[in-house]
Structure formats: C-alpha cells, structure tokens
Amino acid sequence: MNIHTYEKVWLIGSMVLIVGFIVTVTYGAVGLGIAMVDDSEETIEPTELDEDERFAEPRVEQVGEDEYEAYVVAQTFMFSPDPIEIPAGSEVTFHATSRDVIHSFSVAGTNINTMVIPGEVATMTAEFDEPGEYGVVCNEYCGSGHHNMEGELHVVP
Ligand code: CUA
C-alpha cells in the first residue's frame, strides 16, 4: 500500500518534470525564432546569400515611380551586379553585403562609400540626377586582387 503511494508520487513528479521540460523547450524555441527574425533585419549569413531573396540575384529593382532598391554583393574580387544600371532622375537605396571578407562599396566621385562586412548589410540612399558613368571601387584591402576589384555604375538617360 505504501509502496503504491510512493510510485504514484514519483509518477506525478516525473510527469510534472516532463511537462516542465516541454514548456521550457517550446518557449525556448519560440524565443529563438523571434530572435532570428529580428536578426535578419541587420545581419545575414554570408554562406547563405544564394538562399536570401535579396542577394540571391544581385540586381536593381524598381519599387516606386523614381525609386529603386539595389542589392549589391561584394566578393573577392568583384561586385555584382556589374555594371549597376540606374535610370537618371532616380533615388536608389543600396543594400550591400559581402560573401567573404571585408570590402568596401565606394562609387568614385560620389559620397557613396561604405564598408561591406560579411554578416552585415550596409544600407544607404543616393539620388542620381544626371546620366553618367562612375567607377565602383573597393577601399578596404581584401587580398591579392584588391587593386583590381572594380565595377561600374551607369546612370542611363
Ligand atoms: Cu575588395 Cu579590396
């Protein structure tokens, strides 16, 4: 009789523990999920750019009448897309990230100049009024091909 009661206590006790674990794991997973959603706004896994809807296809995308979003990937030793083509009279928000090491995304003759760090997305907006051609260069030493890491930005009529 006494043994039976002890067994019941143990059984209930272990049930409580199991439910406790499940609750902890569930809430832990939910918490992690929310954190990951938050993180994706500013950080990015460099090895997963090909699965990222922004950077799988580096491109310039029209989002408004004269508004564009440009998704730029820097890697040793090139920029994508290249050339970057932008219509004159537009406002462009650039989102740039790196596939490997630290580069910069610098458009010669403009104030577009940002470090491009693997794991982070650099964002900046610029207006392009007149047609023209600009050189895109890397200002951060990134390896043997650093001095040849160049691209072009065309502002087309
Ligand atoms: Cu890329 Cu220097």
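**The nonpolar core and its setting**

The chain has a mean pLDDT of 86, and 81% of its residues reach 70 or more; pLDDT is the predictor's confidence in each residue, from 0 to 100. The model is a predicted one, in which local features need pLDDT of at least 70 and side-chain atom pairs count only at pLDDT 80 or more, while totals for chains, interfaces and linings use all residues. Residues are numbered from 1 along each chain as its sequence is written. Confidence is lowest in helix α1 (residues 2-39), with a mean of 59, and highest in strand β3 (residues 78-80), with 98. Where pLDDT is low, the predicted coordinates should not be read in detail. The model scores are ipTM 0.99 and pTM 0.73.

The chain contains 1 helix and 10 strands; these are DSSP runs numbered from the N terminus, helices being H or I with at least four residues and strands E with at least two. Of its 157 residues, 21% count as buried. A residue is buried if 20 or more other C-beta atoms lie within 10 Å of its own, exposed if 12 or fewer, and partly exposed in between, with C-beta atoms placed from the backbone.

The largest nonpolar core has 24 residues, and those with the most contacts inside it are Ala 70, Val 72 and Ala 74. Such a core is a set of buried Ala, Val, Leu, Ile, Met, Phe, Trp, Tyr and Cys residues joined through C-beta atoms within 7 Å. Two or more residues come from each of β2 (67-75), β4 (84-87), β5 (90-98), β6 (103-107) and β9 (132-137). The most is given by β2, with 6 residues.

Ala 74 touches several parts of the chain: leaving aside its neighbours within four places in sequence, Ala 74 is in contact with Phe 79, Ala 96, Ser 98, His 103, Phe 105, Val 116 and Cys 138. Contact here requires C-beta atoms, placed from the backbone, to lie within 7 Å. In the chain, residues 24 or more positions apart account for 60% of the contacts with a separation of 6 or more.

Val 60 stands opposite Ala 70, and strand β1 (residues 59-62) pairs with β2 in the antiparallel sense over 4 bridges. These two strands form a hairpin with 4 residues between them. Two strands pair if DSSP finds at least two bridges between them.

One runs from Thr 76 to Phe 77, with omega near -5°, and Phe 77 is in the loop between β2 and β3. Another joins Asp 82 and Pro 83, with omega about 0°; Pro 83 is in the loop between β3 and β4.

Tyr 141 lies in the loop between β9 and β10 (150-156), and counts as exposed because Tyr 141 has 11 C-beta neighbours inside 10 Å.

How values were computed:
Contact = placed C-beta atoms within 7 Å.
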